[in-house]
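Here are some notes for a colleague who is meeting this structure for the first time. They are set out as numbered points, to be read with the sequence and the model at hand.

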Amino acid sequence: KVRRPCRVMILVNPHSGRGQALQLFTGHVQGMLTEASVPYTLVITEHQNHARELVRKADLSQWDALVIMSGDGLLFEVINGLMDREDWQEAIQTPLGILPGGSGNALAASGYKSWNEELLLSCGFILCKGLVGSLDLVSIHLASQQRLFSFLSLAWGFVADVDIESEKYRHVGAIRFLMGTLVRLASLRVYQGRLAYLPVMEADGKTIALVDSLLPGLDQPVPESWTVVKEEDFVLVLAIYQSHLAEDLWTVPGAMADDGLIHLFYVTAGISRPALLRLFLAMEKGAHLACGCPHLVYEKVKALRLEPTSPQGVITVDGEMVEYGRNHAPCPTVLHQAANLPPWETALTASPPPPPPVAW
Ligand SMILES: Nc1ncnc2c1ncn2[C@@H]1O[C@H](COP(=O)(O)OP(=O)(O)OP(=O)(O)O)[C@@H](O)[C@H]1O
């Protein structure tokens, strides 16, 4: 629990979701914070990476928590801004909070069965109470040597395409993903690439963290303990570490924010359009694995390597487009504390600290 009274920086992306994040804040959250005597400073982001730069340079001793009122994209900026700092080990332990104001709101929705204003009120309540849980972060190395920290997902193929292509329907809110899915289904394509992963053994338990500097470099073959997927034609690859991919997509019903697992899904080529649509419709109730679809594979893994060979495509990390090429997602590096509260309590902290960033 964060000590009270605490000073909270609340970052609002005014363009997130349907462009109503600020109105949602003043209409639903401001009064709660005032009533609970939580002092806060509101910062309206002015451009992409504004929050990342601000957090990178902030005097964190002034703040007891950093809260974002936006979609998952702004939290991605804040986490990576904290990890950019020289004092990242301490910085990443700053409690973080999320108030859903975007169109996906995957992290805010994880662990809840509520939507829209109801979800916002639940998250506002948790913030007022100052409750803190823990959150897994996954370290992702891109082919350019860039390293990112991800709390939600790595996607390639259908899911990534829908996420990026549906941004033009942002004004309709969460339904943009359904619209994007239908449009992408009409032009369903196959993505070529290689996928390998380090499976989780039952004996691994929950708390073993991988140190990504011990994993083979991208120019090295994967070790024998890894599974190399024999198919190379995919419709989608999705690695997710939270229960929800969006407010209404319950992708991993059993996932906890700090279970130390990457939940890897892939769909191989050959799936029909109706079968793929059925999977996404079933996902609203978390029932997609019960569809018995032979093209859908689900594995719990600790690390994976994705090497797209199709000349064009989209890869997203936490819903944000990253460079297209080979990735490497060792997990988990920033993990686990004995959280005394359920991890879906929304105000989050990552502890103990990750191993030092390594040159890849
Ligand atoms: N003031 C701003 N102007 C333009 N872009 C911004 C601004 N502030 C943040 N951004 C960027 O906008 C993108 C989308 O933000 P965010 O993810 O928070 O909202 P969203 O896309 O509506 O929600 P979700 O990710 O849940 O779908 C992010 O890449 C973020 O970095």
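1. In which loop is Asp-318 found? Asp-318 is found in the loop that runs between strand E16 (315-317) and strand E17 (320-322). Its phi is near 50°, which is a positive value in a residue other than glycine, and this deserves a second look, since most residues other than glycine have a negative phi. Asp-318 counts as buried because it has 29 C-beta neighbours inside 10 Å, where 20 or more are needed for that label.

2. Please keep in mind throughout that this is a predicted model. The protein has nine helices and 19 strands, and buried residues make up 46% of its 360 residues. Among the contacts between residues at least 6 apart in sequence, 79% join residues that are at least 24 apart.

3. Asn-105, although it is not a glycine, has a positive phi of about 55°, and it lies in the loop between strand E4 (96-100) and helix H5 (106-109). Asn-105 is buried, because 28 other C-beta atoms lie within 10 Å.

4. The surroundings of the ligand can be described next. The ligand is surrounded by 22 residues, of which the closest are Ser-16, Gly-71, Gly-73, Gly-102 and Gly-104. Helix H3 (residues 72-84) gives the most to this shell, with four residues. By residue class, the shell around the ligand divides into 16 polar, four charged and two nonpolar residues.

5. The packing of two helices can be checked directly in the model. The axes of helix H1 (residues 21-35) and helix H6 (residues 116-129) come within 10 Å and cross at roughly 30°. Angles under 35 degrees count as roughly parallel, and H1 and H6 are therefore roughly parallel to each other. Their crossing is right-handed. On the H1 side the contact involves Leu-24, His-28, Val-29, Met-32 and Leu-33, which meet Glu-117, Leu-120, Leu-121, Gly-124 and Cys-128 in H6. The residues of this contact divide into seven nonpolar, two polar and one charged.

6. Helix H7 (residues 158-165) is mostly covered, with six of its eight residues buried. The buried residues are Phe-158, Val-159, Ala-160, Asp-161, Val-162 and Asp-163.

7. Which residues does Trp-250 contact, leaving aside its neighbours within four places in sequence? Trp-250 has its place in strand E13 (residues 249-250), and with that exclusion it is in contact with Ser-243, His-244, Met-283, Glu-284, Lys-285 and Gly-286. For Gly-286, which is 36 residues from Trp-250 along the chain, the separation between the two C-alpha atoms is 4.8 Å. Trp-250 counts as buried because it has 21 C-beta neighbours inside 10 Å, where the label calls for 20 or more.

Methods
Residues are numbered from 1 along each chain as its sequence is written. This is a predicted model: local features need pLDDT of at least 70, side-chain atom pairs count only at pLDDT 80 or more; totals for chains, interfaces and linings use all residues. Axes are lines fitted to C-alpha atoms, for helices over the stretch in contact, and angles run from 0 to 180 degrees between N-to-C directions. Angles under 35 degrees count as roughly parallel, over 145 as roughly antiparallel, 65 to 115 as roughly perpendicular and the rest as oblique. A crossing is left-handed if the near helix is turned anticlockwise from the far one by less than a right angle, and right-handed if clockwise. Two residues are in contact if their C-beta atoms, placed from the backbone, lie within 7 Å. Ala, Val, Leu, Ile, Met, Phe, Trp, Tyr, Cys and Pro count as nonpolar, Asp, Glu, Lys and Arg as charged, and the others, Gly among them, as polar. A residue is buried if 20 or more other C-beta atoms lie within 10 Å of its own, exposed if 12 or fewer, and partly exposed in between; C-beta atoms are placed from the backbone. A residue is near a molecule or strand if its C-beta atom, placed from the backbone, lies within 6 Å of it.
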